[in-house]
2 protein chains.
Amino acid sequence: MKRTSHIQELCEIIASEKGRGRKIAFVPTMGYLHKGHLSLIEHARKTDAFLVVSIFVNPLQFGPNEDLGRYPRDIERDARLVEEAGVDVLFHPSVEEMYPRPMVTFVEVRELDAMLCGAARPGHFRGVATVVNKLFNIVQPDMAFFGQKDYQQYLIIKRMVADLSLPIEIFSVPIVREDDGLAMSSRNVYLTPEQRQEALVLFKSLNLAQKNIQAGERSARNLERQVREKINTESHGVIDYVEVRDACDLSEVTEITGPVILALAVKFGKTRLIDNKVVEGDHYV
Amino acid sequence: MKRTSHIQELCEIIASEKGRGRKIAFVPTMGYLHKGHLSLIEHARKTDAFLVVSIFVNPLQFGPNEDLGRYPRDIERDARLVEEAGVDVLFHPSVEEMYPRPMVTFVEVRELDAMLCGAARPGHFRGVATVVNKLFNIVQPDMAFFGQKDYQQYLIIKRMVADLSLPIEIFSVPIVREDDGLAMSSRNVYLTPEQRQEALVLFKSLNLAQKNIQAGERSARNLERQVREKINTESHGVIDYVEVRDACDLSEVTEITGPVILALAVKFGKTRLIDNKVVEGDHYV
């Protein structure tokens, strides 16, 4: 596996592979890799393309009171994991390499960036869209892979790619969970043992909502109420949002008539966790 | 010369040329071509690259009370001109081809987009940066050529390319003028014969300012005052701005100690004309 922190060096590696007619697959990450990331890499490897993984904790997507400073990092462990996973190049630039001068160019995906996580984290998705756009320009991938846990991020990137005619296919990879159901997240290390236990209510409440839909519930507001009640009853989690939305564009839904996403964000102490479940038509039609 | 309105068809043409190791040069325009555009094409041809010209009157960069509807168009004449100029592909997409769904993704180059023309035309440079970014993603050029008349636009595109790591070299091509000094512009056709005559004051006042710098004037405010006075005395033009700015980043200048741009925008009737002159160090050191 090659490993570089330099944009120029990465560009030369990519250009040489493209020159040989090789397709490029790309998995952008913020590092501190878990099985969710490894699943992205596994899906990307199946394409047989030249596989690039980036690790970059992007300051642009953190708010002033968020966890940029304490975001977990372990580049040597990450490097071993991606090498074992069969990655061809690990790109881990410094902040100075990515932003050598004050950044004044931003990519915004309006409407999609203002709801759900965007409402609680103003500027977050602008930072995400901007860095992913820049990484796409550097890596020039044919395919890129994003986790379904960050479903809103996935839709925003997909829309950015469509609106700006980027020649890249965007894939969503299912959520990977711990054995007990907690969605994998680099931020899970922040949780105390008690919070870790209580956080299971997220997965359980999503399952409850899915079961209720299968049993005939069609009211989005009722489902949200049921999920909220379960979270409030069974944990000390502070709900940021619980929403049933259209699975294609996150538009508001009153009555469930097509695929929806049940999405939620809940704080346990200082740690904000997100989770979601897409309920397709065949689950209830 | 090939000619297409379809993104997909253009991408196939480009991919085939790139496959043969050909570099791509790109000249984006809004059509109604004049000698300024032809000079861009001439500079681009010297690179020996495969040469793509686009003609697209981009609604995103027009304000609600601007001249989108009456912007001059003559695609058949334009097609003859670019064919004679040795262009390889003319790309002239429809608005529906470029924006098949409501556009929600925007590229902003902050600070640079708010001053000078950006102050009078809010959203204008966001529209420009967004469409140029999209065209870059479609055409995948190695080099792109912009006229110095739209100096602020040139700097904004250069900054966008640097900030987002687009692998494209951006070139600025000198202003082409009519024999009597009026800067070439598709909007010159809007002028009445009297306005056309009065508009010469723009070039003359820029020359005056340059002469005054060469004679030792170092005060940006004095120069701006001299230009304003000349325009107000010798025409009915209504000044939008007259500014002496740093030529590299358009930052404010009080005393002239390095390369500056003298930039102005003046309305003759409903027609807003811009012009500028870069005064390099060797003109006055």
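Biologist: In which hand does helix 6 of chain A pass helix 7 of chain A?

Modeller: In this predicted model local features need pLDDT of at least 70, and side-chain atom pairs count only at pLDDT 80 or more. Residues are numbered from 1 along each chain as its sequence is written. Helices here are DSSP runs of H or I with at least four residues, strands are runs of E with at least two, and both are numbered from the N terminus. A crossing is left-handed if the near helix is turned anticlockwise from the far one by less than a right angle, and right-handed if clockwise; the crossing of helix 6 of chain A with helix 7 of chain A is right-handed.

Biologist: How do the residues of the contact of helix 6 with helix 7 of chain A divide into nonpolar, polar and charged?

Modeller: Contact means heavy atoms within 4.5 Å, and among the residues that make it are Phe125(A) and Val132(A) of helix 6 and Ile156(A) and Met160(A) of helix 7. Ala, Val, Leu, Ile, Met, Phe, Trp, Tyr, Cys and Pro count as nonpolar, Asp, Glu, Lys and Arg as charged, and the others, Gly among them, as polar. The division is 9 nonpolar, 3 polar and no charged.

Biologist: Which residue in strand 10 of chain B does Leu262(B) stand opposite?

Modeller: Strand 9 and strand 10 of chain B run antiparallel. In strand 10, the residue opposite Leu262(B) is Lys277(B).

Notes. Chains are lettered from A and ligands numbered from 1 in the order in which they are written. Side-chain values use heavy atoms; hydrogens and water are left out. Two strands pair if DSSP finds at least two bridges between them.
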